[in-house]
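Here is a friendly walk through one protein model. Have the structure open as you read, and follow along one region at a time.

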Amino acid sequence: MCAYVVVAEDDVKQAELVRRYLEHEGHQVVAVHDGRAALDTVRRRSPDLLVLDVMMPKVDGLDVCRILRAESDVPVLMLTARSTEDDLLLGLDLGADDYVTKPYSPRELMARVRTLLRRARPAAGGASAADAVLRAGAVTVDPARHEVRVDGRPVECTPGEFQVLELLASQPERVFTREQILGHLHGFDRYITSRTVDVHVMNLRRKIEPDPRRPARLVTVYGVGYKLTCPPSGKDRRDVARDA
């Protein structure tokens, strides 16, 4: 799901790099370059996440975090060149939700972002959002009951399969990359590969497709990833083409 992210980083090139990676993940991003602008932007626009550099002009990142924690529950991911344990603990004590030291891998940073956003969504959405049944054509996913139905019949899914289907059903017709699906599955985990996603998709097709050999619901967008479509209930792609 798209999030609105504020990146507060005084190094313009570094801010641009982070912005590009976040936008590649599907997020809306605004970048600011001093602590005062970070405070003003968060207060004015209530973002889903603040990526906050510690060393900034006007108001440093630690003071920004301290001030915001008295006003807001916005998740804060701090970036810093300071790597001592005392610096880490100070940032966390001031209310930061996570802490990444420079230099860092952009892929690691994106994994941390996904984890923070996933943790924050239940609190932000409330009980009604958590309990909402997701629908994509004949496929329904009930996160609260951990149930999947296809054409009204129950379908048994493993936890991993359920998480993949839940993500795809949250935005039918949107293409999710393997990296995005992996982030939803496991967050920050170095030992999982994109092959895991392919296996889950293959198994899900056996369970939700009229003809798994010709998928019409969980389809591949070659070179990009996967999406859950909304074809007419009980029909595969050949039936749709014949009826057109």
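## Around helix α1

Just after α1, G26 adopts a positive phi of about 100°. Helices here are DSSP runs of H or I with at least four residues, strands are runs of E with at least two, and both are numbered from the N terminus. This is a predicted model, where local features need pLDDT of at least 70, side-chain atom pairs count only at pLDDT 80 or more, and totals for chains, interfaces and linings use all residues. Residues are numbered from 1 along each chain as its sequence is written, and side-chain values use heavy atoms, leaving out hydrogens and water.

The buried residues of α1 (residues 12-24) are A15, V18 and L22; buried means under 20% relative accessible area, exposed over 50%, and partly exposed in between, with a 1.4 Å probe and protein chains only. Seen down the axis of α1, they fall within an arc of 65°, so they line one face of the helix (the arc is that of the directions from the helix axis to the C-beta atoms). On the other side, V12, K13 and H24 are exposed.

Strands β11 (residues 218-221) and β12 (residues 225-228) run antiparallel, joined by four bridges; two strands pair if DSSP finds at least two bridges between them. V221 has G225 as its bridge partner in β12. Three residues separate the strands of this hairpin, and in the turn G223 has a positive phi of about 80°.

## The largest core

The largest nonpolar core has 24 residues, and V141, L165, I181, L218 and L228 have the most contacts inside it. Such a core is a set of buried Ala, Val, Leu, Ile, Met, Phe, Trp, Tyr and Cys residues joined through side-chain atoms within 4.5 Å. Helix α6 gives the most to this core, with six residues.

Technical notes
The expected span of a helix is 1.5 Å times one less than its number of residues.
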